[in-house]
Structures are given as structure tokens and as C-alpha cells.
Amino acid sequence: MDASLTSDDLELLRKSFSRNPAYRLVQNAVTQTSVDDLALDREIVVRTDHSVSHLLDDWAATNQKSSGRCWLFAGLNLLRVDAMRTMNLKSFEFSQNHVMFWDKLERANYFLEAVIDTADRDVDDRTVAFLLKDVANDGGQWNMFAALVKKHGLVPKSVMPETQSSSSTGRMNSVLRRLLRQGARDLRALPAGDLDAARERKQQILDVVHRVLCLHLGTPPETFAWQWTDKDRVFHRDGTLTPLEFAERYVTLPVEDYVCLVHDPRATSPQGRTFTVDRLGNVVGGGAVTYLNVDVALMKRLAKQTIMAGEPVWFGCDVGKMMRRDIGIWDADLYDLGAIYDTAFDLDKADRLLYQETAMTHAMLFTGVDVDGDTTRRWRVENSWGDKDADHGFYTMNDSWFDEYVFEIAVRRDQLPEELRTALDEDPIVLPAWDPMGALALAH
């Protein structure tokens, strides 16, 4: 049988479409209207509201604007809840620009060290090619966020506010990519095994990267004066602090005690085991990005318990699937695309990972849960896309969507069953650098 599309094949395709009057009706609609508007399940929309039985948020949503800093915003949004309670403030934000500055510099160093480590491989080696392709991204993981807070501390947003480039990172990132790829060429051209020469050249490259970051983002403060008036109009002055001192004083959550639970249902990913992704990280010496693979039911139970105990939950998901942004709803069956196209879309979660139809693309914060008896109905989500959509920037996730498109949550180690706490001490399985479980760190 001929592999090419013959004229007979094309005629059969044409007749197959034209003889079905329903297809022509749908064609008339889809050519004039968004397919999502046509496929939207109205019944799901009208029965989904933004109310939940356990609500934590009474603050305003943040806005990452044209950047891929969702993981930093979600992490800082978690920490600011505790800081607002500590300082008796109605509103407060840590500087997202400050944390991004150090992530960019640390990640440049991490990348250049990886280039040095793989300099003996061909430039078209799959790992080397992956490193060179995904340079200077904005994305990241919980462990990477924790490493930055531990090493560089935090500052209030007023101390290092947003800049044009922190809010729209594309142009700055393109300059950084050019510099780092050029640096990779230089490092790979050095005599094999000459680490002293490599590290000297690396330091020269980092000097330029630091200069670029300062020009685009501003220079991070070594110290700053901190004072504020709380929501009861009481004035407080805390003197001059370093970023590390500020973080130690106003972040009381045990950031380093949080672990990442993931739901990876692929047959190659056994539950109850830890995983890491090769070359995934930002701070050299800051520890590996480690996941513990568990059943999604356990993730949901721990997330619910954490929220009901008064603490939001950081999580990672495939944000764009089955989502209506303007009204702020996720549901596993939100769009009936099968009815529109007269076909089945039947990849399950494992197959979607295997065939690159899904991956972690966004991090956010659970700030509420709706529980009716023993049934979890929906989740409230603090996004970082501003306050124009959804419920002033807070979205509603029906429980069915959690099963299919949530991949990761960060919870305290002591919340885990004993056997899973023990599993955290085992050496992790190493997934390749291009595995989809590392995708959240590739956001642009």
C-alpha cells in the first residue's frame, strides 16, 4: 500500500467530510467562533462557583506579568501569608525581583559548571544539546526556591521593586542566552581537564552576566532599613537588616522541611520512590531537586489537611488544559472537544506524559478547599496573573481536574506517613535532563 497521500485518498477524505451535514454545521460555527466557546460545557460552568467551605485568602492577588516566575511568586505568596501575620499587615509582598536576580546569577553559574562537566562530550550529545537549548529560562522548582531563600534571603518589594525587565523578561533573557552560549563555546575550547583555566574564564563570564542583571533589574541591597505601620496603625521600626536577617526574622515557616510530592503514573515511575532530574537545579551545592512519587489521593488528602490547618499549599500543574481563564474555572471535562470533532481524546495521564501531551507548566497556591462531609468538591487557587480574571485573580479548580492535571505539591516532611519519610532518605532514581518532570523549570 502506497505511503503517500494519493488523489484517491484525498477524494475519500473530502467525501467523508462533505457527506455529513453535522460536520458542515460545525464548520460554519468554528470558522466564525472560538472552538472553546462552542465546546464549553455550560452545565459545568453554572454549577461551579468560587465559594469554598475552608477559605484562607483575604489578600490581593499578585501579578508576574510577562515573565515565567510563577514558581517564585507561588513560593513568596506562601511565605508572605506568614509574614503578614507576623507583622500584623493586611497586605505585603516580598520582592520577586530580588529573588529572580539571584536565581539568574546562580543559574548562570550552574549552567557554566554543567558545560565544564560535559566538555568532553560532542556538542550534539543529547544532554549537551538540551543544556544549550534551554538557557536562561525563568522557570523553576520548589527546591530551587528554597535554595535561593537559604542562601540570599528576602527583602520587601519596596526595597527592590519591579523593573521593566523583571516584568517582561524576554529581551533580557535573550541577551543572557547569547552571553551564556558564547561562554559555553569558550569553555569547551579550553584544553581538556584544565579546571583552573575553565573556572577563570567562567568568572569572567559571570562578571558580565552580573553586570547585565544589575542594568536590567537593579542592584540587590546588602542592607536596608525596615519600618512599617501595621493594620492597627501601630508604627514599628526594626533597624537595618541584611536580606538573610530579614528572612530569618519574618519567615517562620520551615522552608527547608518541605518536600515535593509528585503524581507520576508512568509504569517506569514506581510509587514510594524518590526521583530527580539530571542537570535540574540553580544553586551549585544547593541540593538536588527531589520528588517523592505518591498516589494522587494522598496528595489531595495532605493538601486538604494543610489548608484546613490554616496554611496554603504550593503546587505545580499543567495550567492550560481544560481551563477557562476569564471566569477562572478548571474542570477535567470543561470542553467537550470530542463532540465538536466527532472523535475520542482518550490519552490517560500516564500516556499524556509519555507522548508529550502534558507536563508541569505553572506553579500556584491552594488557598481554600470546599469539603462536603467526606467529599472534596473543589479547590481555591491563588494565581499570579493579576486580579482582572476569575474572582479577582483567585481561580476555582473542580476536584476532577486535580486528578488529571496536578502533578506536584510541597508539604512538610512530618505530614507524611512513616514509610514515606523513610523513602526520602533513599538515593533517588535519576531521570534524564529532558524528562517532562523537569518541565516547570523550563518556563520562559
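Visitor: In this predicted model, is R233 buried or exposed?

Guide: R233 is placed in the loop between β2 and β3 (235–241). Its relative accessible area is 75%. A residue over 50% is classed as exposed, so with 75% R233 is exposed.

Visitor: What is the phi of R233?

Guide: Most residues other than glycine have a negative phi. R233 is a residue other than glycine, yet its phi is positive, near 65°.

Visitor: Which loop holds K65, and what is its relative accessibility?

Guide: K65 is not a glycine, although its phi is positive at about 55°. It is found in the loop between β1 (54–55) and α5 (70–87). K65 counts as exposed because its relative accessibility passes the 50% cut-off; the value is 54%.

Visitor: Is P220 buried or exposed?

Guide: P220 lies in a loop, the one between α11 (195–217) and β2 (224–229). Beyond its neighbours within four places in sequence, P220 is in contact with H98, F101, W102 and M160. Its relative accessible area is 11%, and since the limit for burial is under 20%, P220 is buried.

Visitor: How far apart in space are P220 and T118?

Guide: In sequence, 102 residues separate P220 and T118. Taken from C-alpha to C-alpha, their separation in space is 32 Å.

Visitor: Which residues does R201 contact, apart from its neighbours within four places in sequence?

Guide: R201 belongs to helix α11. At 24% relative accessibility, R201 falls between the limits of 20% and 50%, so it counts as partly exposed. With neighbours within four places in sequence left aside, its contacts are D186, L187 and L190.

Visitor: How far apart in space are R201 and W330?

Guide: The two residues are 129 positions apart in sequence. Between their C-alpha atoms the separation in space is 48 Å.

Visitor: What is the relative accessible area of D425, and how far in space is D425 from L89?

Guide: D425 sits in the loop between α17 (418–423) and β14 (429–431). It is exposed, with a relative accessible area of 61%. D425 and L89 are 336 residues apart in sequence, and their C-alpha separation in space is 39 Å.

Visitor: Which residues have the most contacts inside the largest nonpolar core?

Guide: The largest nonpolar core has 129 residues. L261 is one of those with the most contacts inside it; leaving aside neighbours within four places in sequence, L261 touches residues including L292, V294, F407 and I409.

Visitor: What radius of gyration does the protein have?

Guide: The C-alpha trace spans about 75 × 65 × 45 Å along its principal axes. For 444 residues, a compact globule would have a radius of gyration near 22 Å. The protein agrees with this, having 24 Å.

Visitor: What share of contacts with a separation of 6 or more joins residues 24 or more positions apart?

Guide: The protein has 17 helices and 14 strands, and buried residues make up 51% of its 444 residues. Among contacts with a separation of 6 or more, the share from residues 24 or more positions apart is 77%.

Visitor: How far apart are the centres of the positive and negative side chains?

Guide: The protein has 51 positive and 69 negative side chains. The centres of these two sets are separated by 5 Å.

Technical notes: Residues numbered from 1 in each chain as written. Predicted model: local features only at pLDDT ≥ 70, side-chain atom pairs only at ≥ 80, totals over all residues. Heavy atoms only, no water. Core = buried A, V, L, I, M, F, W, Y, C linked by side-chain atoms within 4.5 Å. Buried < 20%, exposed > 50% of the residue type's maximum accessible area, 1.4 Å probe, protein only. Contact = heavy atoms within 4.5 Å. Helix = DSSP H or I, 4+ residues; strand = E, 2+ residues; numbered from the N terminus. Rg over C-alpha atoms; globule rule 2.2 N^0.38 Å. Lys, Arg positive; Asp, Glu negative; His and termini not counted. Charge placed at Lys NZ, Arg CZ, Asp CG, Glu CD.
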